[in-house]
Amino acid sequence: MLYPIQNDRRNKLDLSGIWDFKTDPDSVGEPAGWANGLPDSRPMAVPGSWNEQYEDLFGYLDLAWYVTRTFVPSTWQGQRVFIRVGSANYHGTVYVNGVKVGEHEGGHLPFAFEITDHVRWDAENGVAISVENELRPTRVPSGNMTSSMGMFASTPRTTFDFYPFAGLHRPVVLYSVPQTYIEDITVVTGIDGADGTVAITVTLNAPVTGQGTATLTGGSQPLQVPLSFKDGVAQATLPVPGARFWSDKDPYLYTLTVKTDSDRYSLQVGIRTIAVQGGHILLNGQRVQMNGFGRHEDFIASGKGLNLPLMVKDYQLMRWTGANAYRTSHYPYSEEEMQLADREGFLIIDEIPAVSLQFDTDENIAARLRVCLQQIDEMIARDKNHPSVVMWCVANEPMPRNLSLAGLEGGGPADPAEGPGKAMLETLLARARELDPTRLVTIVTVMGGPLSWMEQCDVIGMNRYWGWYVLGGELDKAQNRLEQELDAVWEKWGKPIIMTEFGADTMAGMHGHPDVMWTEEYQADYIRRHLKVAAARDFIAGMQVWNFADFAAVQSIARVAGLNMKGIFTRTRQPKLAAHVLREFWVKQPD
Ligand code: BDP
């Protein structure tokens with residue numbers, strides 16, 4: 001799944017802008033021919049979630065239609081034309097000039113359909129996309145489960161703690177490629193002393209024989225290898241003597257250009273390796289700490305829609321705290337984000353939308369497994385060439401049936417979800433490993449979940465809320481329990497641990513002496529203690545605060561004004577006191 005580009009062989013037309021929009025709660029749109037134009041509509045920005053653009057759409061998650069028109073020039077004629085949607089949450093159906101060309105399940109990942117035969121050259125073409133985001137138990141992530149969250153029940157009825165924003169969240173583009181085109185490129189980099197290697201596999205769309213070249217620029221001189229295609233596939237390795245390796249401190253990028261008789265494609269390459277050794281993560285053979293945040297794609301008005309100025313600002317703020325890493329909690333972020341991370345030197349844990357997986361009935365588990373596998377396939381196909389992506393995360397907080405926040409496993413009867421959970425999680429980890437043996441794999445574990453679910457991970461991700469959901473207001477005791485638990489997990493598995501979440505809801509501007517829960521002082525103290533606990537443990541490979549910024553969650557008694565307020569920054573990106581604590585620990589400041 002290559003990112004569409006414009007060059008001398010390929011074309012790209014970005015349809016971002018204001019589209020026509022109409023809700024369709026009774027599903028009358030298709031038979032009524034809305035794919036050819038909406039009977040009446042209102043303006044809607046694409047990319048963007050629809051929920052915050054109009055007050056009456058805030059809680060609307062059912063079917064809705066987006067329609068636009070675009071001119072396609074005849075200079076594209078003779079090429080193959082595709083429509084590509086960056087993300088339609090949750091289910092999208094695409095029509096071109098009234099003809100249904102395909103549909104896709106699952107948000108946050110791109111999909112494309114060939115539309116060559118439906119294009120009108122040198123004329124307006126109609127593009128319609130219907131999107132719906134119903135919460136269902138068999139979807140990933142799931143909603144509308146029969147089990148209730150007791151006093152924490154929420155509106156809408158998600159199983160997860162973020163607003164289920166709906167719509168076309170990323171750009172919709174038309175692109176064209178030659179008849180015989182480069183369908184995929186896989187780059188794997190290696191290091192041998194001071195030298196690098198760039199191993200390339202190029203796949204064409206047809207099983208043809210032919211020649212090509214791969215050229216790497218950005219070093220002292222261009223390096224080139226010939227490509228010999230057999231059955232549409234060519235493989236070659238470029239040695240890079242005296243390479244400049246990609247890292248969080250020096251995110252150096254080379255440019256790889258693959259050329260065939262008919263096509264040309266360029267992408268950025270960072271030469272780096274990632275591995276684990278004992279309790280450490282090694283980047284290019286050197287120990288690295290992955291410090292930063294769990295985040296969300298979330299902002300006022302744009303919801304989960306691509307927001308480029310916000311993205312640039314967030315990277316600047318993360319750097320200001322001294323962070324060098326983050327997790328794409330709880331779904332793959334935009335491709336533009338990944339490109340920026342390559343360029344800015346962030347280390348990413350890339351996560352599928354498997355939040356709070358439940359292990360209830362065999363039927364439901366099988367349905368979710370199918371979706372999760374598809375999401376892993378699509379995420380790895382999309383992100384496998386980004387040097388910034390160092391780890392695949394196949395689940396966030398899979399849930400035991402009887403969650404007890406008491407912490408360490410043991411003592412009580414085995415949870416009925418333990419067996420089915422382990423089977424499913426290990427299937428997901430194995431799939432990620434099989435598709436990409438060059439990166440690390442993990443699942444992010446919930447407090448009180450079975451320790452056995454960690455067994456097959458390269459790195460153990462632990463979300464722990466000692467001092468918030470458990471022992472709130474009792475930071476001495478909380479710290480003690482955290483220390484015990486971290487030591488026990490290390491003793492059991494001997495693998496690097498990243499605290500993938502720890503945090504305290506904090507109302508910006510609320511102060512307390514003594515520092516009680518919800519005050520800025522409490523959050524600052526809570527974070528400081530966690531960072532000190534980690535600093536004293538060699539096997540902690542990263543500390544990722546929950547969350548980078550306050551974000552839209554669901555309505556419940558646990559979420560003031562529908563916000564999760566564990567942000568180090570507010571939703572409008574103003575720092576809370578704890579941001580300065582992070583700087584104390586993560587930025588080595590001159591006196
Ligand atoms: C964890 C979840 C995360 C929540 C967070 C919280 O992984 O999505 O937002 O807790 O409660 O359980 O703040």
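In the predicted model, an oxygen atom of the ligand lies 3.1 Å from an N or O atom in the side chain of Trp546. Two further side chains supply polar atoms to ligand oxygen atoms: the separation is 2.5 Å for Asp161 and 2.4 Å for Tyr469. Of the accessible area that the ligand has on its own, 320 Å², the protein covers 90%.

The shell around the ligand holds 13 residues, of which Asp161, His330, Glu397, Tyr469 and Lys566 come nearest. By residue class, the shell comprises five charged, four polar and four nonpolar residues.

The largest nonpolar core of the model contains 119 residues. Within this core, the members that touch the most other members are Trp50, Ile83, Leu168 and Ile527. Residues of the core are given by both domain 1 (11-177) and domain 3 (275-585), and the core therefore lies between these two domains.

When residues up to four places away in sequence are not counted, Trp50 touches Phe21, Met44, Leu57, Tyr60, Leu61, Asp62, Ala64, Tyr66, Val131, Ala166 and Gly167. In soluble globular proteins, nonpolar side chains tend to be buried together.

Notes. Residues are numbered from 1 along each chain as its sequence is written. This is a predicted model: local features need pLDDT of at least 70, side-chain atom pairs count only at pLDDT 80 or more; totals for chains, interfaces and linings use all residues. Side-chain values use heavy atoms; hydrogens and water are left out. A residue is near a molecule or strand if one of its heavy atoms lies within 4 Å of it. A polar contact is a pair of N or O atoms within 3.5 Å; within protein, one must be able to donate a hydrogen and the other to accept it, and residues adjacent in sequence count only if both atoms are side-chain atoms. Accessible areas come from the Shrake-Rupley method with a 1.4 Å probe; for residues, only the protein chains shown count as cover. Ala, Val, Leu, Ile, Met, Phe, Trp, Tyr, Cys and Pro count as nonpolar, Asp, Glu, Lys and Arg as charged, and the others, Gly among them, as polar. A nonpolar core is a set of buried Ala, Val, Leu, Ile, Met, Phe, Trp, Tyr and Cys residues joined through side-chain atoms within 4.5 Å. Buried means under 20% relative accessible area, exposed over 50%, partly exposed in between (1.4 Å probe, protein chains only). Domain bounds come from an automatic or database domain assignment. Contact means heavy atoms within 4.5 Å.
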